[in-house]
Amino acid sequence: MLVHRNATLRTHRWELESAEARHAASPATFIIPPQYLRRSLQFGDRVKLLFLFHAVDKQHPGGIIGCERMWVTVIESSGGRYVGLLETWPVSSDALLPNEALAFDACHVAGIAARPDSADFTEFQETLRDFVNRLASTR
């Protein structure tokens, strides 16, 4: 499976913005989950990341940089470093598509969806594992 790593606006037309840096600049208005939660994500967790895109329109032919918050499902985790599948269609760019895999760090996590402690979540994890395996075998 192809995993986007170290994407930049110059090379990929998108990059991840640090949620930690945004929080440091505006701690009262840009709240992020505590570090211990961002560093302990596991398979199947859903996180919100900040994506910067070169968005081209007729009024800005050189492109403008737009930020979109999008959901990603964690499929690999190791000490605060992760690989996840994009769940959302970007509005301002075609540089990424849903189900593309991308690497990210704990510093990029702007939000974490509540993790249900139930058999339903375990079943979801099993279904996700099957999906990731099928996706990997087709690429």
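**Close-up views of charged and polar side-chain pairs**

**View 1. The salt bridge between Arg 81 and Asp 105****.** In this predicted model, Arg 81 and Asp 105 are joined by a salt bridge whose closest N and O atoms lie 2.7 Å apart. The two residues belong to distant parts of the chain, with Arg 81 in strand β5 and Asp 105 in strand β6, 24 residues apart. Arg 81 is classed as exposed, because its relative accessibility of 52% falls in the range over 50%. Asp 105, at 22% relative accessibility, counts as partly exposed.

**View 2. The salt bridge between Arg 46 and Glu 87****.** The side chains of Arg 46 and Glu 87 form a salt bridge with an N to O distance of 3.0 Å. Distant parts of the chain are linked by this pair: Arg 46 is in strand β3 (residues 46-57), whereas Glu 87 is in the loop between β5 and β6, and 41 residues separate them. Both partners are partly exposed, with a relative accessible area of 31% for Arg 46 and 33% for Glu 87.

**View 3. The salt bridge between Asp 94 and Arg 13****.** A salt bridge connects Asp 94 with Arg 13, and the closest N and O atoms are 2.4 Å apart. Asp 94 is located in the loop between β5 and β6 and Arg 13 in the loop between α1 (9-12) and β2 (14-17), so the pair ties together parts of the chain that are 81 residues apart in sequence. Asp 94 is exposed, with a relative accessible area of 60%. Arg 13 counts as partly exposed at 38% relative accessibility. In total, the structure contains five salt bridges, including the one shown here between Asp 94 and Arg 13.

**View 4. The polar contact between Glu 100 and His 4****.** Glu 100 is situated in the loop between β5 (81-86) and β6 (101-105). The side chain of Glu 100 is joined to that of His 4 by a polar contact of 2.6 Å. Glu 100 has a relative accessible area of 15% and is therefore classed as buried, the cut-off being under 20%.

**View 5. Glu 100 and Glu 87 in the loop between β5 and β6****.** Glu 100 and Glu 87 are 13 residues apart in sequence, and their C-alpha atoms are 8.4 Å apart in space. Glu 100 is buried, with a relative accessible area of 15%, whereas Glu 87 is partly exposed, with a relative accessible area of 33%. The side chain of Glu 100 makes a polar contact with that of His 4, while the side chain of Glu 87 meets that of Arg 46 in a salt bridge.

Technical notes. Residues numbered from 1 in each chain as written. Predicted model: local features only at pLDDT ≥ 70, side-chain atom pairs only at ≥ 80, totals over all residues. Heavy atoms only, no water. Helix = DSSP H or I, 4+ residues; strand = E, 2+ residues; numbered from the N terminus. Buried < 20%, exposed > 50% of the residue type's maximum accessible area, 1.4 Å probe, protein only. Polar contact = N/O pair within 3.5 Å; in protein donor to acceptor, adjacent residues only side chain to side chain. Salt bridge = Lys/Arg side-chain N within 4 Å of Asp/Glu carboxyl O.
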